[in-house]
Amino acid sequence: MMRVLLCSLFVGFAGVPGQAQAIEIFGIKLFEPEGGDEEIADPLNYTVTFDVAGDDAALEQKLEKASSLVQDADRPVSGSLGLMAKARGDREQIVAALYSEARYEGVVEISVGGRPLDDLPPDAEFGGGPVPVAVSVDAGSLFTLGAVEFKGDAASLAPAAFGLLPGGDAGSDAILKAENEIIARLKEEGRPLATVTSRDVIADHATTTLDVSLTVSAGPVAGYGDTIVSGTEQVDRDFTRYMADLERGRIYSPRDLEDARDRLRNLEVFSSVTVREAGGLDPNGAIPIDVEVSERKMRYYGAGATLSNTEGLGLEGYWGHRNLFGRAEKLRLEGAVGRIGEASGLGDLNYSAAVLFEK
């Protein structure tokens, strides 16, 4: 039996992407969000050459991936000022990538239109075709960890337990990973305000070692305060708070917040869910929790058809609502009819229908 799918249609869903965030490594911001597909004013094209001293192909590949000049070479920038701004940002991003590879004496030089970036005046103008941009990187020596010290509320913790060993990996990623693990351990003790209050990093170029000192504030053990919900329009706000299930007074736990996110996502009425602790305790010493959601389109429908040389034409369709009464009640109506064109009368057609409700 030959079956040919004529059409399949699904309409009525929408997603809201999360907002991109800049990443900061050792005071250097990188990967800051750009404006997406917005129209570029005064478009200016450029070409880029990228050179890394030495023969470390893996390092060169990583640095090229960190370079927005290289990654965006087929997209114009907004005028001469936009090109210089992109080049300056690129230098910071490449330096941050060098830090992640424990290269703390690397040198990054960028020239635009044949002139060093630092020699260009703020009102420099480039015109007449694609502007040549040259990026030159000398990665320098590979550093290893020297002395590692934890201070404050982390003084009793052993750096080795977090992967920080003298002579070991001194890359910024390894240090930031250790910080995150320390904070995660403290938060698991019910301390929502645990944070790294200072980071002292000293590179000794004579010995190519990196000394690291981290000071940590654990903050108090706290229970949950108010759960503050924002972003609801059609979904009942109190129901959203109820489904988060962060009972007032219960001791804070990062796992609770993850479970709350999962429960709210599983309702299938939100395109995005963010659950995070507030930046400070309330007057009662409890930690408020912020729940921010974006709703999906609640109604959806679809239709389809099949054609068979033995069964004739078949039609099917459905309509659904994800939030019928405001508390994520789901209703779906669907139906199908077959043997159109093959049946001798209405009584010979194949029918099916269903009503599905979930609360």
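User: Where do D238 and R241 lie?

Analyst: Both lie in helix α5 (residues 237-244), three residues apart, about one turn of the helix. Helices here are DSSP runs of H or I with at least four residues, numbered from the N terminus. This is a predicted model, where local features need pLDDT of at least 70, side-chain atom pairs count only at pLDDT 80 or more, and totals for chains, interfaces and linings use all residues. Side-chain values use heavy atoms, with hydrogens and water left out, and residues are numbered from 1 along each chain as its sequence is written.

User: What makes D238 and R241 a salt bridge?

Analyst: The term needs a side-chain nitrogen of Lys or Arg within 4 Å of a carboxyl oxygen of Asp or Glu. The closest N and O atoms of D238 and R241 are 2.7 Å apart, so the pair qualifies.

User: How many salt bridges does this rule give?

Analyst: The count comes to 18. Another of them joins E101 and K62, with the closest N and O atoms 2.8 Å apart. That pair links distant parts of the chain, 39 residues apart: E101 is in the loop between α3 (79-100) and β7 (107-112), and K62 is in helix α1 (residues 57-66).

Technical notes: Helices (H or I, at least four residues) and strands (E, at least two) are DSSP runs, numbered from the N terminus.
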